[in-house]
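This report looks at how two chains meet. The structure comes first, then the contact between the chains.

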Number of protein chains: 2
Amino acid sequence: MKKILNDPSTVVTDALRGLALAHPELLRVSTDPAVVTRVEPTPPGAVAVVSGGGSGHEPLHSGFVGPGMLAAACPGPVFTSPTPDQVVAAVREVEAGGGALLVVKNYTGDVLNFETAAELLEAEGVEVRTVVVDDDVAVTDSSFTAGRRGVGGTVLVEKIVGAAAARGDSLDRCAEIAGRVNSQVRSMGLALSPCVVPHVGRPSFELGEDEIEIGIGIHGEPGRERIPLEPADGLVRRLLEPVLDDLPFASGDEVLLFTNSMGGTPPLELYLAHGIAERLLAERGIRVRRSLVGPYVTSLEMRGISVSVLRLDDELTALWDAPVRTTALNWGS
Amino acid sequence: MKKILNDPSTVVTDALRGLALAHPELLRVSTDPAVVTRVEPTPPGAVAVVSGGGSGHEPLHSGFVGPGMLAAACPGPVFTSPTPDQVVAAVREVEAGGGALLVVKNYTGDVLNFETAAELLEAEGVEVRTVVVDDDVAVTDSSFTAGRRGVGGTVLVEKIVGAAAARGDSLDRCAEIAGRVNSQVRSMGLALSPCVVPHVGRPSFELGEDEIEIGIGIHGEPGRERIPLEPADGLVRRLLEPVLDDLPFASGDEVLLFTNSMGGTPPLELYLAHGIAERLLAERGIRVRRSLVGPYVTSLEMRGISVSVLRLDDELTALWDAPVRTTALNWGS
């Protein structure tokens, strides 16, 4: 295993120390338990949007902590859910009377631990709502999931509901908006190469010299099929068609198109894929109103991409455009 | 070669089309010749800061086009200088009477082509100054260079001189500031893995299972030495000590610390390295006033990092903090 680290068992904590040193004006980091909170306090009565999940998907979630997005994030060990204690500690630190909205990706461990945390918090008198993100159309159940997996759509949920919380929406309203984004977004990914979890030390799966895994999960879980490498036009079509057919998206829809790197895909390939996706959408009469291109939901150094399509309405568009200031998304502020 | 592309010979143009589609509010892209310009026009009499270089280092340079940074960028073929024609076309499009400052990385082809472009532009009556960035302390001459190579420091030069141009500084003043940044910044990198240039189709070099190349260039040029993999503390020290000893930096200095991914290094490893670098600087009495962490000067999918240290003064700090709005750096705007 070739990685820049000292000890596989402390990699998350070591990285959090670097995060804290790099962004003192924006973030505060605790390591016991591991919690990243924004320096700017939650306004009294406003909703605190809190998320978390296994590490190794950075910038998800700690890179989205800041004004206009998350109030706090709980990073678990690599590819492993945070504990209920982490979630409770995070909410206690940022909740300001308006309640907490928990954004949870649909993996069995995460759902269970956030559920336990929600019960503990409610017993303390904190109002909690949870949105479970399950946007991945590739497979229905998986090694880590009952139902669909939560993947790229999570970023869009967190940005949009973060903006709703920032404008003062109530907890119920925030829960409705987060649920609406989840209901209107679909995603699918592919992998060109696996990744190596530090404490495991070997690749999460094996791919032949010319093999691609279509429908890959963000922990390297198997997808729909393995195919030989083919030109980008075909690869992007293999992701986009299941995404569009699922909702289904229709001619006349206006969407946000999110082309995501799984970590090790260069911007050159990513923008190339984005251009292809936009042309395929145009062929179906679907108009891209907003774009997001970059490594936002990653699987360590995995090479590959995912494509997410979110059907926009005017409110979701305005919330997407609203100011945000985090290490990974930053505009208008 | 496993990549997301259609045809190795059109990869740059195909990616530029995606870039244009993704950021219509910020960028305008021409493909013949390849030029990326910002939508916001150069204010009359202001300096137009223009850069460019081989593709494959994204977001450098097109990801730094926008208000507060570059007026235009000229992407060459992968790892190959843009032509003089590209540079002339870019400057013609954005120059607004205040002259053009060309930011050029010190590689033989780039220096020659930007020089030719400068002569052509001066013959047309456009005032031009050039700053050649040569911040890499790893080697003195290389396969592509007479003198030191231009690497991570280029981003810092472009951000800071872009802010000087935005506040209305004269061409001479901009040239002085860009030269000052270059004189105060030093960098060095390492590689864990090579990259594959699309039109070549095979890795740029070979590294053994546990080998690291110390002092790597951004085109995969050899560095100082190959060593067996070691813990991150030692790796970061091997980069930072030559950087600090070169200027030299001294106790009491205040610096910007820039920890850069060569493309395929996950944020977890990058922030971990940043934390180590900051501690090593503290040991020498050097204070980190500003941080930058991310993939900003890449070599396609290469895994590795570079560390750049810039000695700050109050003016450089204020220009660093000034608003910028580009796809890769975005704050305060």
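## Buried area

Chain A and chain B bury about 4600 Å² between them, with 63% of it on carbon and sulfur atoms. Buried area is the accessible area (1.4 Å probe) that two parts lose on being put together, summed over both. Lys2(A), Ile4(A) and Leu268(A) supply 21% of the area that chain A buries against chain B, more than any other three residues.

This is a predicted model: local features need pLDDT of at least 70, side-chain atom pairs count only at pLDDT 80 or more, and totals for chains, interfaces and linings use all residues. Residues are numbered from 1 along each chain as its sequence is written, chains are lettered from A and ligands numbered from 1 in the order in which they are written, and side-chain values use heavy atoms, without hydrogens and water.

## Residues in contact

Chain A gives 53 residues to the contact, and chain B gives 53 residues. Contact means heavy atoms within 4.5 Å.

## Salt bridges

The interface of chain A and chain B holds two salt bridges. Each is a side-chain nitrogen of Lys or Arg within 4 Å of a carboxyl oxygen of Asp or Glu. One of them joins the side chains of Lys3(A) and Glu269(B), at 3.9 Å, N to O.

## Elements at the interface

Five named elements of chain A give two or more residues to the side that touches chain B: α1 (11-22), α6 (232-246), α7 (267-283), β11 (287-294) and β14 (330-331). Helices (H or I, at least four residues) and strands (E, at least two) are DSSP runs, numbered from the N terminus. The largest share, 10 residues, comes from α7(A).
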